[in-house]
Amino acid sequence: MSYLLETNTLYKYYEKKKTPALNGLTLAIPQGRIIGLLGPNGSGKTTLIKLINGLLTPTSGSLTINGMPPGIESKSVISYLPERTCLQSSMRVSELVAFFADFYQDFSVEKAYRMLASLEIHPDARLKTLSKGAREKVQLILVMSRNARLYILDEPIAGVDPAARDYILKTIISNYQEDATILLSTHLISDIENILDDVILIKDGSILLYAPAEQIREQRGMSLDAYFREVFAC
Amino acid sequence: MGWKLDSDRPIYAQLLERIQMQIVSGHYPAGSKLPSVRELAAEAGVNPNTMQKAFSELERSALIQTQRTAGRFVTQDAVLICQLRQRLAREQSEQFFQSMQQLGYTQKEILLFLKTEFEEE
């Protein structure tokens, strides 16, 4: 089997810190899976995501996406939702859609407008006039309107109300290509656990567990949320 | 939105139970076409791979059949559906009897109880 994402003993030290953010992390992710990247605050989730997206470079170790090192080509196959917005808030939603369509060959304008309509977001609205939840929805719509190989969603539903969360999860399920993989980092485990194929638990910069979600339910007889609470009990 | 699922049990097993129930109850009658995996997964709020697993299990028990280009259909075999219905009914009544016995009812009392509770209607 060929892997979509492979990392090999990744280490990442930030300046002035003695303990590494990533501690020899090795991982191989296949295509066609929805994977939850779960871990407590400061466990290295976002560092890993930033390395995959080429926003940080590893201190040592290597990684490939679809066989390529992080770079322009890898970015053309990754659709990334950052934890913090990077969009110009004075832009109108329609301008953002045009911007993304211009930037990414695999972007579907039609898909974007369809999702905007069903979430009742007006294309003429400027980003800064929207509520926090609506802004997050716009970002997620932009990210999911691409036809990418790997979607990386860093905390995608945190600011969104529960009803819209359901809709967004539905959108995610029905919009990705079957051979694409979604890597989803979140603390809101109970909201997303039914859609996950696999779970990666990360702690102190290394992988604690990488297992199918159903296997955890079967073997432990508990929900992923309950299992997470047990593993990371303070 | 989504089906009501219990997240401390394997999801595919619950999907399986639910679809079996819908077939037995006639929501999906014998010989009828089922929605696609993706449609049903979106409706249930679960991963399409999980729904696929439930479907494979139903196929193995011959309750549904895949026709390569046309999609998935409920079996035409009414006997098979009837047998499943009886099996599910048996499971339900066993559970009921167990709960009643925990309340201290004897077998006789349970039957009497059912009679007086439900017969007048």
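The structure is a predicted model, in which local features need pLDDT of at least 70 and side-chain atom pairs count only at pLDDT 80 or more, while totals for chains, interfaces and linings use all residues. Residues are numbered from 1 along each chain as its sequence is written, chains are lettered from A, and side-chain values use heavy atoms, without hydrogens and water.

Let us start with the whole chain. Chain A contains nine helices and nine strands (DSSP runs of H or I with at least four residues, and of E with at least two, numbered from the N terminus). The C-alpha trace spans about 45 × 40 × 40 Å along its principal axes. Of the 234 residues in chain A, 51% are buried, meaning under 20% relative accessible area with a 1.4 Å probe, protein chains only. Among contacts (heavy atoms within 4.5 Å) between residues at least 6 apart in sequence, 68% join residues at least 24 apart.

Five of its six residues are buried, so the strand is largely enclosed by the rest of the structure. Strands count as paired if DSSP finds at least two bridges between them. E8(A) pairs with E3(A), residues 34-38, in the parallel sense over four bridges, and here A:Leu37 has A:Ile200 as its bridge partner. With E9(A), residues 206-212, E8(A) runs antiparallel, joined by six bridges; A:Ile202 stands opposite A:Ile207. The hairpin of E8(A) and E9(A) has two residues between the strands, and A:Asp204 takes a positive phi near 45° there.

Key:
Buried < 20%, exposed > 50% of the residue type's maximum accessible area, 1.4 Å probe, protein only.
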